[in-house]
Amino acid sequence: MKFPVLTVTWSCRAFRRFQQRRVLLAEQRLWRSALICRSSSHLCRDYRSFYITTPIFYVNASPHLGHLYSAVIADCLHRWKLLQGFDSRFATGTDEHGLKIQQAAEAAGKDPLTFSTEVSERFKNLFSSCNISFTDYIRTTEQRHRRAVEHFWSVLWNKGLIYKGSYEGWYSTQDESFLTPSQVGDALDPSGKAVKVSLESGHKVEWMKEENYMFRLSAFRSRLHDWLVENPGAVQPERFQLAVLQWLQEELPDLSVSRQRSRLQWGVPVPGDPEQTVYVWLDALVNYLTVAGYPDGHEQWWRVAHHVIGKDILKFHAVYWPAFLLGAGLPLPRAIHVHSHWTVGGRKMSKSLGNVVDPFEHSRMFTNDGIRYFLLRQGVPDSDCDYTPDKVRKLLNAELADSLGGLLNRCTAPALNPAQVYPAFCCQAFSGDGRGRAAAEDHRMVAAVRSLPTVVEKHYESMHVYKALEAISACVRQTNGFVQRHAPWKLDRRDAKDRRWSDTIVHVSLECLRIYGTLLQPVVPEMSDRLLTRLGVRAHERSWKDLDFLQRYDGTDCPFEGRPLGSDSGLLFSRLESPNADKRNPKKSKKPAHLK
Ligand code: ME8
């Protein structure tokens, strides 16, 4: 049923206000498109492409919550770019070579490839089941990757940046990392034996002395320093960029980039010297180029590369990797987005402590969207966060079930919306001249939702997704407050004025929900789809350019007005019960999510 649009007789003041709002709206549209260009910097000048990667994960053990977190962040940024109309590519995958994997396969009594394939599949299944929409899944055991590593090595070799030398020093197999004496300390192993450990990771180190190939890392110190100084956003957040600059204050020793074949068989042989195996980190980092097409035709994607990494692998990505790339004459990544870690009970997740969070189990417990929302809402890139199931339950119940779900439920309930449509907006009832029924707070709410896309964009772009979700959540609360304030369920729908006002309240709320649903798509894709489908918003009406909010308020037509709602697929997000709720308070735990 199409609602008739009210014909309004304009007073001069109303007309002036109408014109002012139109100008404001046009300015906001311009501002938004200008922001697309600015935020994506030079992407806009050449072409709108985006390439995002996660670390490739070791296959020595099953995936845990931290791995899912990195993938969820990258997925969110990829979906965000798609929403903005970019051509976006998103790569994840597994790191399958090296001593650590060789030893894990031996311990499992399997050949390394069979072992790697099994664990790699587990990662892939996790990502697929959690809606991680990667466009490429790379395994370092693939032929295309071996070719890329060999080519990359040859380029460095031909430029004289690799030489045969001898390495003597500490090595951590768990971290696959060489350490200087100042990075090593004393500790006791579980049997009480004195051992040397990496001060950063706590993993055991061993003294090694080997003849192998060295990369002239020392030659790149000042170029790395200049890169960081000239590109303040190269490593984000800033504290990690400062940490890298701090490392660069000290001498950079040359880096061993191969291991003797007798010790490490599981890896890519050094081109021209089968007695040596390429160092696993050099091998692994090249995966980002392999996916871009290296060595042929990689330019289009490589020039728009962004990496998401955990803070534990900052040195490899912000020192070694850019030095390798500079050496090979390739552009550096646009940005390295670093995130901190999830702890459990305030401690690092580890098998020996038995506190590793299984992402399969927890995404089943809290739903895919639930776990995605929690990780992105609570995860702060700058500092570590603690994970507890109780915190997840409370947050999801408050923000998804009660606040957002409750709002949708109210505005689509037959009592308030008997025609099951996007009802008509009445300009007189919502006028700002004090003669309508809208209060000053309502106009403030409209202004807040109108500026929400710009706020959210700023935070998504800087990977502060929690701030974007905080802003959305604050607006949802304001919209709930608006509905509560006017209590449309108390209005008499038989009275024409009351009915128009009630419809206007619902129209405004549905418009708010449309904006929230559109902006939440990168974070909770399934739930946003259900929300927008329920509102009757079609698939091609869910992008960045569809974020014009409450057009009727500005005197222009609203394409949704009068449109039937989509079918009701039940609660947007069902309240999560605490495992002990029934025992503690049987009545309370049965309460449904609806707000009154
Ligand atoms: O380092 N919290 O692989 P990896 C948050 N193969 N994120 C965490 C985390 C936690 N507690 N624990 C791990 C490797 N991560 C190399 C990478 S890339 C060329 C090679 C995430 O399996 C975080 O992204 O040890 C971290 O950097 C990554 O998993 C390490 O995964």
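Strand β9 (residues 235-236) pairs with β15 in the parallel sense over 2 bridges; strands here are DSSP E runs of at least two residues, helices H or I runs of at least four, numbered from the N terminus, and two strands pair if DSSP finds at least two bridges between them. This is a predicted model, so local features need pLDDT of at least 70 and side-chain atom pairs pLDDT 80 or more, while totals for chains, interfaces and linings use all residues. Residues are numbered from 1 along each chain as its sequence is written, and side-chain values use heavy atoms, without hydrogens and water.

Staying with that pair, Q236 stands opposite H337 in β15. Strand β14 (residues 305-310) also runs parallel to β15, joined by 5 bridges, and there H307 stands opposite I336.

As for cover, 5 of the 5 residues of β15 (335-339) are buried, meaning under 20% relative accessible area with a 1.4 Å probe, protein chains only. A335, H337 and H339 are on one side, I336 and V338 on the other.

Now the ligand. Of the 24 residues around it, I56, S70, D95, D312 and W342 come nearest; a residue counts as near if one of its heavy atoms lies within 4 Å. The shell divides into 12 nonpolar, 10 polar and 2 charged residues, with Gly counted as polar and Asp, Glu, Lys and Arg as charged.

A side-chain N or O atom of D95 is 2.7 Å from a nitrogen atom of the ligand. For H67, a side-chain N or O atom is 3.3 Å from a ligand oxygen atom.

Methods. A polar contact is a pair of N or O atoms within 3.5 Å; within protein, one must be able to donate a hydrogen and the other to accept it, and residues adjacent in sequence count only if both atoms are side-chain atoms. Buried means under 20% relative accessible area, exposed over 50%, partly exposed in between (1.4 Å probe, protein chains only).
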